[in-house]
Amino acid sequence: MVAKSKLDFKTVFLSDVHLGTRDSKAAELTKFLKHVHCEKLVLNGDIVDGWQLRRKPFWLDEHTKLVRHILKMMEKKNTEVVYLRGNHDDVLTRFLPILIDKFSLVSEHLHQTARGNYLVVHGDGFDNVTTDHKWVAHLGHLGYAWLLRFNRLYNRWRAWRGQEYFSLSKKVKAKVKSAVSFIGRYETQLQELAKHRGCIGIICGHIHTPENKMIGDIHYLNSGDWVESLTAVVEHWDGRFEVLSYQQFLLQAAASSPAESSQEAPLEDAA
């Protein structure tokens, strides 16, 4: 029986947590998972950032706590955990596939629903820079890290002035024509893959852009990331899919259990 204080979902899809980097929001994700009950947890790639760990690791206690909590979900709550390899944790490729009790490590996953199947992939296979020009991808990773570093400093200044958080990378994605064009091609290619596999939808990550929309007759879902967007795709028990942000989760969790949220540090304050 699920405690009333927990949000109850059939499945939770997460991607791009990038544990081992300074900007990973592991503490926020742990808080999210502690207040959620789900039958299945799908970790859709780039959960651990192997690229960063090889260069200059930034591993905190909160990163370890997240890993421990996921293991606890399998052991104590009987949650099925599916881990898909991403491009930043591509070192796992040599071990695929692994199927042990409630845990599986795979390159792709077929998620079954009452209406039809959803194909789950990280999505890096449809990024030709990642697949064909890996050195360029690593260079882009360094550029993104510097962009995030600048964003941290800029948002400290904004916070000092009483202004809300601003994401420079989201602004770039929305305004730069080449970025908008890339995302459009990426979504279309994944939609075509889902159709080719006989699926009604596809669930991916990789580009750090959360989305829930129809592309033709294919349901396209992107779980975003836990670096800036702080979003997950959740499947409700009635079959609905939703992109749930951390801010939305805080409001829902506080509303479902006001007594509990007043005993610990207020959930709203964690935002």
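Reader: In which sense do strand 6 and strand 7 pair, and which residue is the bridge partner of His111 in strand 7?
Author: In this predicted model, strand 6 is joined to strand 7 (residues 117–120) by four bridges, and the sense of the pairing is antiparallel.

Reader: What is the order of the strands in the open sheet of five strands, and which strands stand at its edges?
Author: The open sheet has mixed pairing, and its five strands follow the order 6-7-8-10-9. Strand 6 (109–112) and strand 9 (211–215) each have a single partner strand, so one side of each is left without a neighbour in the sheet. From one strand to the next the twist averages 20°. The strands at the edges are therefore strand 6 and strand 9.

Reader: How many bridges join strand 3 to strand 5, and how many does strand 4 share with strand 5?
Author: Strand 3 and strand 5 run parallel, and in strand 5 the bridge partner of Tyr83 is Leu105. Strand 4 (residues 98–100), by contrast, pairs with strand 5 in the antiparallel sense, with Ile100 standing opposite Phe103. The bridges number four between strand 3 and strand 5, and between strand 4 and strand 5 they number three.

Reader: Which residue takes a positive phi in the hairpin of strand 4 and strand 5?
Author: This hairpin has two residues between its strands. The residue there with a positive phi, near 50°, is Asp101.

Reader: What span does helix 3 reach from its first C-alpha to its last, and which residues in helix 3 are buried?
Author: Helix 3 covers residues 61–77, which makes 17 residues, and its span of 23 Å is close to the 24 Å expected at 1.5 Å a residue. The cover over its buried residues includes helix 1 (26–34), strand 2 (36–44), strand 3 (80–84) and strand 5 (103–106). Just after the helix, Asn78 takes a positive phi of about 60°.

Reader: Is Thr21 buried or exposed, and with which residues is Thr21 in contact beyond its neighbours within four places in sequence?
Author: Thr21 has its place in the loop between strand 1 and helix 1. Its relative accessible area is 11%, and because buried means under 20%, Thr21 counts as buried. Leaving aside neighbours within four places in sequence, the residues in contact with Thr21 are Asp49, Gln52, Phe58 and His63.

Reader: How many aromatic pairs does the structure hold, and how many residues apart in sequence are the parts that Phe13 and Phe241 tie together?
Author: The structure holds six aromatic pairs. One of them is formed by Phe13 and Phe241, a tilted pair at 6.3 Å centre to centre with 40° between the planes. Both Phe13 and Phe241 are buried. Phe13 lies in strand 1 (residues 7–14) and Phe241 in strand 12 (residues 241–245), so the parts tied together are apart in sequence by 228 residues.

Methods:
Residues are numbered from 1 along each chain as its sequence is written. This is a predicted model: local features need pLDDT of at least 70, side-chain atom pairs count only at pLDDT 80 or more; totals for chains, interfaces and linings use all residues. Side-chain values use heavy atoms; hydrogens and water are left out. The expected span of a helix is 1.5 Å times one less than its number of residues. Contact means heavy atoms within 4.5 Å. Two strands pair if DSSP finds at least two bridges between them. Rings of Phe, Tyr and Trp (its six-membered ring) pair if their centres lie within 6.5 Å; planes under 30 degrees apart count as stacked, over 60 as edge-to-face and the rest as tilted. Buried means under 20% relative accessible area, exposed over 50%, partly exposed in between (1.4 Å probe, protein chains only). Axes are lines fitted to C-alpha atoms, for helices over the stretch in contact, and angles run from 0 to 180 degrees between N-to-C directions.
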